[in-house]
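Colleague: I have a few questions about this model. Can we go through them one at a time?
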Amino acid sequence: MTQKKKKRVNRSLLLAKKIIIKDGGTPQGFGSPSVYHAVIVIFLEFFAWGLLTAPTLGALHETFPKHTFLMNGLVQGVKGLLSFLSAPLIGALSDVWGRKSFLLLTVFFTCAPIPLLKISPWWYFAVISVSGVFAVTFSVIFAYVADITQEHERIMAYGMVSATFAASLVISPAIGAYLSQVYGDSLVVVLASAIAMLDICFILVAVPESLPEKMRPASWGAPISWEQADPFASLRKVGQDSTVLLICITVFLSYLPEAGQYSSFFLYLQQIMGFSPESVAAFIAVLGLLSIVAQTVVLSLLMRSIGNKNTILLGLGFQILQLAWYGFGSEPWMMWAAGAVAAMSSITFPAVSALISRTADPDQQGVGQGMITGIRGLCNGLGPALYGFIFYIFHVELDQPSLKTHAIIPGPPFLFGACSVLLALLVALFIPEHPHMGARAGSWKKHTSPHGHPHSPHPPGEAKEPLLQDTNV
């Protein structure tokens with residue numbers, strides 16, 4: 001009964017949002033809020049960064065000729081830690097003040113370092129680190145999508161967003177590598193900056209607000225709970241619910257090696273495995289195409305046939321296989337084969353996001369996705385630094401490309417990652433397929449603040465997700 005009651009409330013709130021939007025409750029924008037608006041924002045942002053793949057790898061090696069992997073890990077690590085600290089705050093604020101302004105903020109500051117690549121590489125890497133404060137576009141995008149979709153539609157919507165991220169990297173690295181070789185890096189930087197500006201203009205002019213003012217908690221007179229914006233307070237809340245605790249541990253253990261891999265893998269392919277810039281671009285393109293298929297067609301089929309939990313388990317299994325293959329692989333063809341497996345492992349994150357969205361109240365989607373993004377941000381800080389340190393202690397340096405033919409384990413960090421994901425798989429086995437919301441509501445009452453706001457939009461008897469709802473919002 002509780003599940004049916006929650007679904008009726010969700011449908012009622014979604015219908016109310018659509019009525020308010022239709023009646024003019026939404027600021028300027030083209031049409032009604034849709035998944036396509038979110039898709040375009042993500043595509044343009046990461047297409048701009050994809051163009052810079054080859055120039056960034058070159059600048060990284062030139063700027064830090066010694067211990068390149070270690071310095072790369074530190075740069076990406078600082079960015080990730082700042083993202084972890086800011087993601088819950090931005091998610092909570094977007095629940096109150098709307099999504100559009102925070103989309104504009106995150107995209108602007110995420111793309112701000114791009115022009116500095118040619119002006120000053122040192123400043124470029126420094127600003128990349130600092131930009132982590134606002135590099136949480138996915139948090140706001142997933143909350144935007146949750147505002148305008150019903151629960152049964154979200155897995156496809158999240159799959160579209162994740163697939164768009166992959167699609168943006170299908171051709172952009174190849175285009176960037178070609179333009180860099182023929183016309184130089186300056187043209188690539190100018191083009192990437194122009195696309196970033198186009199993304200900002202698109203948000204300003206075309207993206208409508210998905211969370212009308214009448215539907216925001218602030219319009220009911222509720223104050224913002226700054227405790228909810230504290231990432232460490234959010235992590236402490238995780239332990240109050242066993243299901244969400246298991247989900248968060250799974251995300252941490254699986255994304256920690258993925259973040260480290262993403263920060264160093266293309267550099268590893270080019271400098272250690274002997275890939276040319278064109279081969280690296282082709283590798284990214286093939287991986288992106290396969291990821292699109294995996295996150296749309298395959299993900300949808302798996303969710304319908306084996307369910308949310310088993311889809312996550314299958315994705316983790318593919319991730320273990322591809323990381324182990326990267327770790328022991330010493331030939332280029334092995335990298336290509338493992339890349340195909342890596343594309344299948346990309347189904348994990350949209351499946352986890354869908355599971356989280358099912359447990360969050362409609363007006364708390366920003367907080368919920370912000371918390372997961374915060375954990376991923378923590379991994380974005382620890383993962384690259386950890387991978388860089390492992391490369392360093394195993395003496396994998398850019399001036400030792402012959403190491404790949406002599407070492408028993410050519411890629412030690414990737415093997416460590418496989419072990420981490422194996423632990424994530426074991427934890428995920430205990431996640432229930434269908435969380436019982438009503439049963440958890442009772443345990444949450446023990447932890448709620450006595451200062452709950454009297455104007456809560458939920459009926460007193462309605463069960464709420466203990467982690468993702470806030471008594472003051």
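Modeller: Keep in mind that this is a predicted model. Let us start with helix packing.

Colleague: At what angle do helix H12 and helix H13 pack, and which class does that angle fall in?

Modeller: Helix H12 covers residues 242-271 and helix H13 covers residues 277-305. Their axes are 9 Å apart, at an angle of about 140°. Roughly antiparallel would need an angle over 145 degrees. H12 and H13 are therefore oblique.

Colleague: What is the handedness of the crossing of H12 and H13?

Modeller: The pair packs with axes 9 Å apart. H12 and H13 make a crossing that is right-handed.

Colleague: H4 also packs on H12. Which class does that pair belong to?

Modeller: The axes of H4 and H12 are 9 Å apart, and the angle is about 155°. The cut-off for roughly antiparallel is over 145 degrees, so this pair passes it. As for handedness, H4 passes H12 in a right-handed crossing. The class of H4 relative to H12 is roughly antiparallel.

Colleague: How many salt bridges does the structure hold, and which side chains meet there?

Modeller: The structure holds one salt bridge. The N to O distance is 2.6 Å. A salt bridge needs a distance within 4 Å, so the pair qualifies. The side chains are those of Arg 99 and Asp 147.

Colleague: Where do Arg 99 and Asp 147 sit, and how many residues apart are they?

Modeller: The pair links distant parts of the chain. Arg 99 is in the loop between helix H4 (68-97) and helix H5 (100-111). Asp 147 is in helix H8, residues 137-148.

Colleague: Are Arg 99 and Asp 147 buried or exposed?

Modeller: Buried means under 20% relative accessible area. Arg 99 has 0%. Asp 147 has 1%. Arg 99 is buried, and Asp 147 is also buried.

Colleague: What is the C-alpha to C-alpha distance between Ser 94 and Leu 211?

Modeller: Ser 94 lies in helix H4. At 1% relative accessibility, Ser 94 counts as buried. Leu 211 is 117 residues away from Ser 94 in sequence. In space, their C-alpha atoms are 8.8 Å apart.

Colleague: Is Phe 202 buried or exposed?

Modeller: Phe 202 belongs to helix H10, residues 185-205. Phe 30 is 172 residues apart from Phe 202 in sequence, but 9.9 Å apart in space, C-alpha to C-alpha. The relative accessible area of Phe 202 is 18%. The cut-off is under 20%, so Phe 202 is buried.

Colleague: Which class of accessibility does Phe 252 have?

Modeller: Phe 252 lies in helix H12. Phe 252 and Ser 420 are 168 residues apart in sequence and 9.3 Å apart in space, C-alpha to C-alpha. The relative accessibility of Phe 252 is 26%. Buried is under 20% and exposed is over 50%, so Phe 252 counts as partly exposed.

Colleague: How far apart in space are Ile 347 and Phe 318?

Modeller: Ile 347 lies in the loop between helix H15 (332-345) and helix H16 (348-359). With a relative accessible area of 0%, Ile 347 is buried. Phe 318 is 29 residues apart from Ile 347 in sequence. C-alpha to C-alpha, the distance is 9.6 Å.

Colleague: Which residues form a nonpolar patch on the surface, and what is their accessible area together?

Modeller: Leu 422 is one of them. Leu 422 lies in helix H19, residues 412-428, and counts as partly exposed at 42% relative accessibility. The patch consists of Leu 422, Leu 423, Leu 426, Leu 429 and Phe 430. Together they have an accessible area of about 510 Å².

Technical notes: Residues are numbered from 1 along each chain as its sequence is written. This is a predicted model: local features need pLDDT of at least 70, side-chain atom pairs count only at pLDDT 80 or more; totals for chains, interfaces and linings use all residues. Side-chain values use heavy atoms; hydrogens and water are left out. Patches are made of residues with over 30% relative accessible area and no salt bridge: like charges are joined within 9 Å, nonpolar side chains (Val, Leu, Ile, Met, Phe, Trp, Tyr) within 5 Å. Accessible areas come from the Shrake-Rupley method with a 1.4 Å probe; for residues, only the protein chains shown count as cover. Helices (H or I, at least four residues) and strands (E, at least two) are DSSP runs, numbered from the N terminus. Buried means under 20% relative accessible area, exposed over 50%, partly exposed in between (1.4 Å probe, protein chains only). Axes are lines fitted to C-alpha atoms, for helices over the stretch in contact, and angles run from 0 to 180 degrees between N-to-C directions. Angles under 35 degrees count as roughly parallel, over 145 as roughly antiparallel, 65 to 115 as roughly perpendicular and the rest as oblique. A crossing is left-handed if the near helix is turned anticlockwise from the far one by less than a right angle, and right-handed if clockwise.
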